[in-house]
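Hi everyone, thanks for coming. Let me put the sequence and the structure up on the screen, and then I'll talk you through them.

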Amino acid sequence: MSVPVLQIMLLTHSKQTFSCRTLMGCGIFICILLLLTGCSSFGSKNSTAKVSQFKQDTSVGTEDISIAAVGLVGVPYRYGGNNPNGGFDCSGLITYVYNKSANIKLPRTIQEMSSRGQSVDSGPPAPGDLVFFNTTGAKYSHAGIYVGQGRFVHAPSAGGTVRLEYITTPYWAARFTEARRLTP
């Protein structure tokens, strides 16, 4: 990654004389890039291995759940929110979608949801499965709805909106806990 950056910098400065200050600045810039690249691999290899299964999609007949979730992308985040008019937090989004699209009543907290259904460790997840993350030090502190092709819908944080994101990005892959299927 640092070689193309260095080539660009050399091309940019090709008609100028290199001073010690310029070379030192380039060196510091490259070191920072390398450090940031190393930070992006935060998390265990176990989480990354678990996330690799998200490249294979399967169907268990719960696509309506994922379609309903995608339809709510853009709704504002609101702590304690549980409807599209007032906004959603992560558990409010999940309970709303499961109730409206599959008539499944879920508890209101992520910790309680994590004990429902079955773990999907033995195979790839399906659209409509819940995906859980450790974002605060608790094994089940955040969740979203898997919608297929390595993506999930969730309500991430204050000031944001319901989003569609890739579970394979370094941030989410490092924090992934498990996927659970709530329907037979």
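A word on the source first. This is a predicted model, in which local features need pLDDT of at least 70 and side-chain atom pairs count only at pLDDT 80 or more, while totals for chains, interfaces and linings use all residues. Residues are numbered from 1 along each chain as its sequence is written, and side-chain values use heavy atoms, with hydrogens and water left out.

So, the overview. The chain has seven helices and eight strands; these are DSSP runs, H or I of at least four residues for helices and E of at least two for strands, numbered from the N terminus. Of its 184 residues, 41% are buried, and by that I mean under 20% relative accessible area, with exposed being over 50% and partly exposed in between, using a 1.4 Å probe and protein chains only. Among contacts with a separation of 6 or more, 57% are between residues 24 or more positions apart; a contact is heavy atoms within 4.5 Å.

Six strands make an open, antiparallel sheet in the order 3-8-4-5-6-7, where two strands pair if DSSP finds at least two bridges between them. Strand 3 (118–119) and strand 7 (163–166) are the edges, each with a single partner strand, so one side of each has no neighbour in the sheet. Further in, strand 4 and strand 8 (residues 176–181) run antiparallel and are joined by four bridges; F132, for one, has E178 in strand 8 as its bridge partner.

Which strands does helix 5 lie across? Strand 4, strand 5 and strand 6, and helix 5 runs at about 45° to strand 5. Helix 4 lies across strand 5 and strand 6 (151–154), at about 110° to strand 5. Those angles run from 0 to 180 degrees between N-to-C directions, with axes fitted to C-alpha atoms, for helices over the stretch in contact.

Let's stay with helix 5. Its 13 residues reach 18 Å from first C-alpha to last, close to the 18 Å expected at 1.5 Å a residue, that is, 1.5 Å times one less than the number of residues. Its buried residues include L93, I94, V97 and Y98. Just after the helix, N103 takes a positive phi of about 55°.

That brings us to the cores. A nonpolar core here is a set of buried Ala, Val, Leu, Ile, Met, Phe, Trp, Tyr and Cys residues joined through side-chain atoms within 4.5 Å. The largest one has 25 residues, and I94, Y98, I110, L130 and I145 have the most contacts inside it. Helix 5 gives the most to this core, with five residues. Another core, of nine residues, lies apart from it and includes V131, F133, I167 and F176.

Last, the two residues. K100, in helix 5, is exposed, with a relative accessible area of 59%.
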